[in-house]
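I opened the notebook to record what I looked up in this structure. The entries follow in the order in which I made them.

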Amino acid sequence: MGPFAMFFLGLLYTNFMEWFIHRFLFHGLGKNKKSIFAFHLREHHIIARKNDFVDKNVTIREFVGIVGLVLVHLPLHTVYGWTTFYIAIVLYGCAFLVLHKIQHCFPTFSKRYYWWHWNHHMSNQNKSWCVVHPFTDVVLGTLEERKDES
């Protein structure tokens with residue numbers, strides 16, 4: 001498989017990982033207040049709800065989590081033909097950190113261009129698990145319909 005195809009597969013894989021981690025770790029295991037993932041529901045969601053989607057807190061947990069996932073996948077970089085797959089993981093992780101921060105600092109922008117994430121916080125936190133792009137939500141039927149076209 002060529003490098004472009006591997007890069008594309010890396011993006012699909014990482015989008016699925018984002019969906020899985022958000023749905024099953026943050027919203028699954030995170031329901032237990034003693035869980036390492038409880039911060040997501042008990043801090044991030046509460047702050048965003050109280051502040052009309054705004055959460056300007058810099059979360060070291062997200063950064064450490066993304067770096068951890070990138071490092072766990074580092075061996076892929078050494079496998080012939082998998083370098084671009086790994087690069088896609090790194091770039092997606094960076095995109096997540098930047099986009100998630102921007103979205104929660106500029107709610108009007110987010111409501112218009114990242115409406116699925118807006119809906120996840122402001123309408124139904126049990127749907128629309130992806131932040132960067134809703135591809136996996138669409139494929140798995142967990143994307144909530146757009147509530148407002150503004």
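Which residues does Ser128 touch, not counting residues up to four places away in sequence? I found Trp116, His120, Asp137, Thr142, Leu143 and Glu144, where contact means heavy atoms within 4.5 Å.

Ground rules. I am working on a predicted model, in which local features need pLDDT of at least 70, side-chain atom pairs count only at pLDDT 80 or more, and totals for chains, interfaces and linings use all residues. Residues are numbered from 1 along each chain as its sequence is written, and side-chain values use heavy atoms, with hydrogens and water left out.

Entry on Ser128. I placed Ser128 in the loop between α7 (115-122) and α8 (135-140). The helices here are DSSP runs of H or I with at least four residues, numbered from the N terminus. Ser128 is not a glycine, yet its phi is positive, about 55 degrees. Its relative accessibility is 0%, so I list Ser128 as buried; the classes are buried under 20% relative accessible area, exposed over 50% and partly exposed in between, with a 1.4 Å probe and protein chains only. A polar atom of the Ser128 side chain lies 2.9 Å from the backbone nitrogen of Glu144. I count a polar contact as a pair of N or O atoms within 3.5 Å; within protein, one must be able to donate a hydrogen and the other to accept it, and residues adjacent in sequence count only if both atoms are side-chain atoms.

Entry on Asp52. Asp52 is another non-glycine residue with a positive phi, about 50 degrees. Is Asp52 buried or exposed? I noted a relative accessible area of 53%, so Asp52 is exposed. Asp52 sits in the loop between α2 (38-50) and α3 (60-72).

Entry on His27. I located His27 in the loop between α1 (3-26) and α2. His27 counts as buried because its relative accessibility is 4%. Its side chain makes a polar contact with the side chain of His45, at 3.2 Å. Leaving out residues up to four places away in sequence, I listed the residues that His27 touches: His22, His40, Leu41, His45, His120, Gln125 and Trp129.

Entry on Thr14. Thr14 lies in helix α1 and is buried, with a relative accessible area of 10%. The Thr14 side chain reaches the backbone oxygen of Gly10 at 2.6 Å. Beyond four places in sequence, Thr14 touches Ala88, Ile89 and Tyr92. I also checked Thr14 against Leu29: they are 15 residues apart in sequence, and their C-alpha atoms are 20 Å apart.

Entry on the nonpolar core. I looked up the largest nonpolar core, which has 14 residues. A nonpolar core is a set of buried Ala, Val, Leu, Ile, Met, Phe, Trp, Tyr and Cys residues joined through side-chain atoms within 4.5 Å. Which members touch the most other members? They are Val70, Phe96 and Val132. The elements giving two or more residues to this core are α3, α5 (83-105) and α7, and α5 gives the most, with 6 residues. Phe96 touches Glu18, Glu62, Ile66, Val131 and Val132, with residues up to four places away in sequence left out.

Entry on Leu99. Leu99 lies in helix α5. At 17% relative accessibility, I record Leu99 as buried. Leu99 touches Tyr114 and Val132, again not counting residues up to four places away in sequence. The C-alpha atoms of Leu99 and Ser110 are separated by 9.5 Å, at 11 residues apart along the chain.

Entry on the largest pocket. I noted about 610 Å³ of space in the largest pocket. Its lining has 27 residues, and the closest to the centre are Ile21, Phe26, Gly65, Ile66 and Leu69. On a 1 Å grid over the protein atoms alone, with a 1.4 Å probe, a pocket is an open set of points with protein on both sides within 12 Å along at least five of seven lines, and lining residues have an atom within 4 Å of a point. The volume is the space filled by probe spheres set on the points, which are joined across faces, edges and corners. Which helix supplies the largest share of the lining? I found that α1 does, with 8 residues. At least two lining residues come from each of α1, α2, α3 and α5.
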